[in-house]
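Colleague: Could you take me through the labels attached to this model, setting each value against its cut-off?

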Amino acid sequence: MDNAKGIFLRSIRTKLNPWGSEPCADTVIITVNPKGYTREVSAFDGKMDISLLGAAVPFGIYEPGHPVMRNTAEKVEKLLYCEKAGGIYRYQEDGYAGGNPWVVATLWLAMYHIRAGNIEKAREYFHWSVECATPLGFLPEQAGKNDGKPCWVIPLTWSHAMFVLVLKELAEKGGIGDMQRG
């Protein structure tokens, strides 16, 4: 946890670059075995990552309204939101398959918002995922960062699974409303 910023950190003392020097200046050398071998590791990795929401959703270690959880979720949303196409990236500087927003990441943030009582925000992200579906209703792994069209793996089981979980929680909270946007 970064106490000064009031947010969770992605990791501490992690080897981020297995082939060379760490990509940040804030590194430490740790001894990795009794023979004295050492490894350069990042003292901390402060990149925002959708998985930081896991402390609240699904693991329930922190309540969604806890100040550190809320600050972390706000920073995740601010830094990982795709301005052009909507949706949420998995983590900062994610370049996998072109670096697009992910349906499962967006729905994860929707689930956080449901549990935090922000039903309207959750609905926005839920509707975004609906708009990313193919004409046959299949949800992709990712949506194009420029146009929001389905891309990469189609269909993707975990996108559908998270869709069902979010739909169920929205229905329980009375947040389904009109499924037509507008």
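Modeller: What follows takes the labels in turn, each with its criterion.

Modeller: This is a predicted model, in which local features need pLDDT of at least 70 and side-chain atom pairs count only at pLDDT 80 or more, while totals for chains, interfaces and linings use all residues. Residues are numbered from 1 along each chain as its sequence is written, and side-chain values use heavy atoms, with hydrogens and water left out.

Colleague: What pattern does the protein chain follow along the sequence?

Modeller: The protein chain has four helices and five strands, taken as DSSP runs numbered from the N terminus (helices are H or I with at least four residues, strands E with at least two), and the pattern reads β-β-β-α-α-α-β-β-α.

Colleague: Which residues have the most contacts inside the largest nonpolar core?

Modeller: A nonpolar core is a set of buried Ala, Val, Leu, Ile, Met, Phe, Trp, Tyr and Cys residues joined through side-chain atoms within 4.5 Å. The largest such core has 41 residues, and those with the most contacts inside it are Ile 50, Leu 53, Tyr 112 and Val 166. Two or more residues each come from H1, H2, helix H3 (119-131) and helix H4 (157-172), and H2 gives the largest share, ten residues. Leu 53, leaving aside neighbours within four places in sequence, is in contact with Met 69, Ala 73, Trp 108, Leu 109 and Tyr 112.

Colleague: How do you know that the span of H3 is close to the expected one?

Modeller: The expected span of a helix is 1.5 Å times one less than its number of residues. H3 has 13 residues and reaches 18 Å from its first C-alpha to its last, close to the 18 Å expected. The buried residues of H3, among them Tyr 125, Phe 126 and Trp 128, pack against H1, H2, strand S4 (142-143) and H4.

Note on methods:
Buried < 20%, exposed > 50% of the residue type's maximum accessible area, 1.4 Å probe, protein only. Contact = heavy atoms within 4.5 Å.
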